[in-house]
Amino acid sequence: MLCSKEQQRTMRSPVSGLIAIVCSRCCVAFVAVVISARNSLAQTSMNTEQGIVFRSGLRGPDAAENHPGASGMTIGDALALPTSSLAITLYILCAIAVSAIILAEAVRRVRQVRQTRPAPPVAFPTSVEARPKGDSMALLDAEARVIDANRQFESEAGLPLAQIRGRPIWSIHAKGFGKSFWDTALEEARTQGNWRGEARTLSEDLHPETETLSVRALEVADAESTYEFRSRRSFHPTPNRTGAIDTRLRDTLTGLPSRRAMKSQVEFAIVRAKAANTQMALIVIDLDRFRDINSIFGDDIGDRVLERLADAMRSVARTGITIGRIGGDEFILLIEHATNPDMVMQVANDISAALGDEVVVDGLTCRLSASMGIAQYPKDGASQRNLMQAAGVSLCHAKAKGRGQVCFYSENMEQRSEESLQMENDLRRAISDGELLMFYQPQVDLRTGQCIGAEALLRWQHPKKGLLLPGGFVPLALDTGLTTAIDRFVTKEVCAQIERWKKAGFVPGKISVNMSAMTLLSPDFARDLKATAAAHEVDLALLEIEVLETTLFPRMRSSLSTVDDLRTMGVQLAIDDFGTGYSSLAMLKDLPIDRIKLDRRFIKSLPQNTKDDRIVAAVVAMGRSLDISVIAEGVETREQRDRLISLGCTEAQGFLFSRPIAASEFAENWLKVDQPKTCVGSGA
């Protein structure tokens with residue numbers, strides 16, 4: 001209620017204002033009464049004393065005639081001390097009248113001050129704005145819809161008051177709790193007068209806290225039932241056994257919510273989405289080839305890469321998006337109010353774009369990528385467990401498709417996920433049960449047609465699926481961390497086979513073995529390889545390690561010492577699929593490389609494609625000038641062979657000469673010195 005300035009001044013100083021106004025009015029009234037009484041007294045005296053009046057010492061008719069009593073009396077005359085009992089009586093009556101006037105005026109002014117002063121709410125507070133700070137408060141109607149709310153409630157709800165009014169409290173309260181919870185609370189408040197309770201929640205910075213809740217029924221005559229809701233949060237850190245605050249809710253490396261915290265966040269979000277009839281989504285993110293990075297560069301560099309991924313995710317964070325780390329290199333995004341799949345896909349694309357920026361790792365510039373699986377509420381799951389499980393299944397499907405893929409969950413993924421898990425179990429068993437086999441593809445000297453060695457190629461004789469090529473299980477091995485175990489099997493089997501060939505009187509030449517960079521650059525690889533070769537009495541000069549260019553170059557600084565150790569032992573190094581990755585001259589300059597393998601895509605179009613022709617010619621010339629041999633893979637026709645010879649390439653392998661074959665067949669057809677090589681130059 002608004003007040004005038006005079007009323008405001010009166011309310012600010014009620015005593016001084018009251019005295020000033022009452023006294024001013026009563027003085028006037030007192031003078032008026034006195035003058036009236038004096039006039040009456042004078043008139044009475046004139047009648048009883050034959051009109052003689054006293055004034056300035058004059059007596060007689062002249063004085064009375066010149067100064068009539070009714071018109072010539074002044075205020076001073078009226079206030080002159082009376083000299084008769086009648087006058088004294090009149091003065092007493094006047095005093096009583098003045099006192100009554102003063103008392104009446106005082107009572108009136110006090111009532112006016114009380115009426116203009118705002119009264120505190122008793123039964124139905126008209127506003128909760130003036131409530132104590134720290135309390136979240138709202139006025140609710142009989143259907144638990146918000147009538148009014150204070151700023152604390154607005155802040156916790158994340159909505160302005162205009163959007164809060166008229167909505168059920170369970171759809172906007174910060175922690176949700178659900179409709180049934182509020183129905184129970186309001187029913188008890190309706191029957192008992194009030195309801196109180198406590199809830200364990202998480203604060204914005206993911207510390208445990210206790211929220212005290214209360215609902216009080218308000219009785220208002222001729223009005224619908226209304227309720228006053230109040231909540232207050234108090235932080236109570238829970239010490240663990242060592243006395244330190246529980247840090248399981250916060251990831252120590254990135255500062256993001258942990259798996260435990262994100263489970264709670266997802267549960268609360270599901271409650272809010274269900275109450276408000278909205279959708280939400282989860283994106284589970286996994287960094288591609290993180291095991292390689294962590295194993296080769298070490299934990300420190302791995303941690304920096306994870307921080308880089310966390311920063312990329314923070315770059316897309318906004319209201320309604322919660323980010324967390326749920327373990328290892330897996331992160332999660334909770335997106336509330338996910339209106340459609342396009343909106344969710346845009347967030348995933350933003351993360352991919354942020355990761356696509358060049359990042360410096362250990363002085364080297366490289367690019368990161370991540371696979372993502374998406375699950376949507378309520379379509380893909382109605383509970384926290386089901387929703388996170390669906391997101392995990394879609395992530396597995398994305399990783400199976402390759403790097404940097406994004407997949408939405410679908411029901412048929414469950415079956416494929418089970419198949420993938422079964423394949424992983426089968427692969428683990430295959431390593432120990434001898435189901436992995438080594439095949440050998442001959443490498444020939446184009447000038448003589450003689451076998452100069454072979455490339456050892458892995459195969460899996462699956463008991464149900466038959467013979468599987470590396471493309472059918474090597475990506476699975478990379479994702480499940482089985483690469484090192486497979487590489488150890490390969491080196492052991494190749495060394496054992498060389499020993500068997502030598503005992504049979506064959507000279508196998510140089511055997512090339514494909515090796516993952518993770519295994520090659522592991523600290524114990526050189527020592528283990530030396531021990532394996534010694535156990536089978538194999539000269540390490542007969543071994544050549546092939547590594548993909550795309551996996552070796554980003555690790556070049558870490559590669560130098562390991563490769564030098566291998567060279568000291570006599571092992572040679574070949575770069576596989578040269579030209580498809582970084583094609584850096586610095587790699588050829590800094591690393592002790594013995595041979596370059598030209599990728600088959602440059603050989604396929606020879607000699608028709610002039611660009612491929614020139615690329616092959618340039619690589620061969622560069623290798624010759626650097627004293628690095630060049631071998632072409634994927635040679636299938638005589639024209640390709642003849643063009644390679646004319647360009648100066650002297651070594652090759654491919655179907656023109658032989659497919660990958662078993663060790664016994666390779667020895668029978670290619671390791672006998674007197675065996676003619678009719679396929680070379682014959683057009684076969």
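Begin by selecting residues 483-503, which form helix 17, together with residues 525-535, which form helix 19: the axes of these two helices come within 9 Å and cross at roughly 25°. Because angles under 35 degrees count as roughly parallel, helix 17 is roughly parallel to helix 19. Keep in mind throughout the tour that the model on the screen is a predicted one.

With both helices still displayed, turn the view to look at how one passes the other; the crossing of helix 17 and helix 19 is right-handed. Next, show the side chains at the contact, selecting Arg 488, Thr 491, Lys 492 and Cys 495 on helix 17, and then Asp 528, Leu 529, Thr 532 and Ala 533 on helix 19. If you colour this contact between helix 17 and helix 19 by residue class, you will find three nonpolar, two polar and three charged residues.

Now move to another pair, selecting residues 259-276 for helix 10 and residues 384-401 for helix 14, whose axes come within 9 Å and cross at roughly 115°. Since angles of 65 to 115 degrees count as roughly perpendicular, helix 10 lies roughly perpendicular to helix 14. Here too you can follow the sense of the crossing, which is right-handed where helix 10 passes helix 14.

Finally, display the residues that meet at this second contact: helix 10 contributes Lys 263, Val 266, Glu 267 and Ile 270, while helix 14 contributes Gln 384, Leu 387 and Met 388. Coloured by class, the contact of helix 10 with helix 14 shows four nonpolar residues, one polar residue and two charged residues.

Note on methods
Residues are numbered from 1 along each chain as its sequence is written. This is a predicted model: local features need pLDDT of at least 70, side-chain atom pairs count only at pLDDT 80 or more; totals for chains, interfaces and linings use all residues. Side-chain values use heavy atoms; hydrogens and water are left out. Axes are lines fitted to C-alpha atoms, for helices over the stretch in contact, and angles run from 0 to 180 degrees between N-to-C directions. Helices (H or I, at least four residues) and strands (E, at least two) are DSSP runs, numbered from the N terminus. Angles under 35 degrees count as roughly parallel, over 145 as roughly antiparallel, 65 to 115 as roughly perpendicular and the rest as oblique. A crossing is left-handed if the near helix is turned anticlockwise from the far one by less than a right angle, and right-handed if clockwise. Contact means heavy atoms within 4.5 Å. Ala, Val, Leu, Ile, Met, Phe, Trp, Tyr, Cys and Pro count as nonpolar, Asp, Glu, Lys and Arg as charged, and the others, Gly among them, as polar.
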